[in-house]
Amino acid sequence: MTATVWHEIFNFTNYGELLALVRNSIIAGVALGIVGGLIGVFVMMRDLPFAVHGISELSFAGASGALLLGVNVVAGSLTGSIIAAMLIGVLGSRARDRNSIIGVLMPFGLGLGVLFLALYKGRAANKFGLLTGQIVAVDTPQLSWLIVTGVVVLLGLLIVWRPLMFASSDPEQAAARGVPVRVLSLVFMVLLGLAVAISVQIVGALLVLSIVVTPAAAALRVATSPWLVPVLSVIFATVSLVGGILLALGGSLPISPYVTTISFLIYLACRTVLGWRVAVRT
């Protein structure tokens, strides 16, 4: 029994031949690691992990609706994410309002997505993949969508990085100095929506937090430099994704358990390092 379970999780028979099947997935993993790692820093600074989950549910609903209608799934995912991000950004200017809006959107998006999948009569793997990711699901058109969207997010972050960093660390002081805090918030929510949408294509809607939140949370445990934190966050996210893809290739499970486990272990290691530093200082 134990051997059978282990074989399900790790099976490297003909592994070299299988690597060719995940070329697009590995490229997508690297691109997503960069995007998720960078935007995750601001997610943590602005206390928006809950928003990530809310956006992912609407992204799931959009992707499910597109699957049902037979149109581009990535476009559906992007549409759902942008709608959710705009609603949260416009209606949730205060933390309490934001959490209420997210709490309303999450069950609605999940319920809508489940309805669309229940009506969909195609392959079961397509349904399951929207929730937990698929190892070989990234075809060339999807990869193109992902890379183009990722470039848009990166360019957007590059343009607003300095004022967004200021507004995220001290919003009251930034507003007093004339920084358009509310506009930056809306811009960031749109960029976050795009990042979540492409994340759903790899790890599924239920576990996007492991890419957009956990790596940045780990980086913040071991670094304080405004430049080192995003660098470590990108490294942690990329290692989690690419490592998860390579491990999943040798088993029969979805990709998400591997990615989330690596991401969580990195976070635990960073917490251990932080604890060790505190113990040394005292």
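Trainee: What pattern does the protein follow, read along the sequence?

Mentor: The pattern is α-α-α-α-α-α-α-α-α-α-α-α-α-α. The protein has 14 helices and zero strands; helices (H or I, at least four residues) and strands (E, at least two) are DSSP runs numbered from the N terminus. This is a predicted model, in which local features need pLDDT of at least 70, side-chain atom pairs count only at pLDDT 80 or more, and totals for chains, interfaces and linings use all residues. Residues are numbered from 1 along each chain as its sequence is written, and side-chain values use heavy atoms, with hydrogens and water left out.

Trainee: Why is S168 called buried?

Mentor: Buried means under 20% relative accessible area, exposed means over 50%, and partly exposed lies in between (1.4 Å probe, protein chains only). S168 has 8% relative accessibility, so S168 counts as buried. S168 is found in helix 8 (residues 140-169). Leaving aside neighbours within four places in sequence, S168 is in contact with F42, M45 and R46, where contact means heavy atoms within 4.5 Å.

Trainee: How much of the protein is buried?

Mentor: Buried residues make up 47% of the 282 residues.

Trainee: What makes a set of residues a nonpolar core?

Mentor: The set must consist of buried Ala, Val, Leu, Ile, Met, Phe, Trp, Tyr and Cys residues joined through side-chain atoms within 4.5 Å. The largest such core here has 66 residues, and I39, L157, F188, L192 and I202 have the most contacts inside it. Helix 10 (residues 181-203) gives the largest share of this core, 13 residues. Apart from it lies another core, of 14 residues, among them A216, A217, V229 and L232.

Trainee: Which residues does F188 touch?

Mentor: Not counting residues up to four places away in sequence, F188 touches I39, F42, V43, R46, L48 and L164.

Trainee: Why are helix 3 and helix 12 called roughly perpendicular?

Mentor: The axes of helix 3 (residues 23-45) and helix 12 (residues 214-222) come within 8 Å and cross at roughly 75°. Axes are lines fitted to C-alpha atoms, for helices over the stretch in contact, and angles run from 0 to 180 degrees between N-to-C directions. Angles under 35 degrees count as roughly parallel, over 145 as roughly antiparallel, 65 to 115 as roughly perpendicular and the rest as oblique. Helix 3 and helix 12 are therefore roughly perpendicular to each other. At this crossing, G40, V41 and M44 in helix 3 meet A216, A217 and L220 in helix 12.

Trainee: What makes helix 13 oblique to helix 14?

Mentor: The axes of helix 13 (residues 228-248) and helix 14 (residues 256-281) come within 7 Å and cross at roughly 140°. That angle makes helix 13 oblique to helix 14. Residues in this contact include F236 and V239 in helix 13, and Y258 and V259 in helix 14.

Trainee: How do you know which residues count as nonpolar in the contact of helix 13 with helix 14?

Mentor: Ala, Val, Leu, Ile, Met, Phe, Trp, Tyr, Cys and Pro count as nonpolar, Asp, Glu, Lys and Arg as charged, and the others, Gly among them, as polar. By class, this contact has ten nonpolar, four polar and no charged residues.
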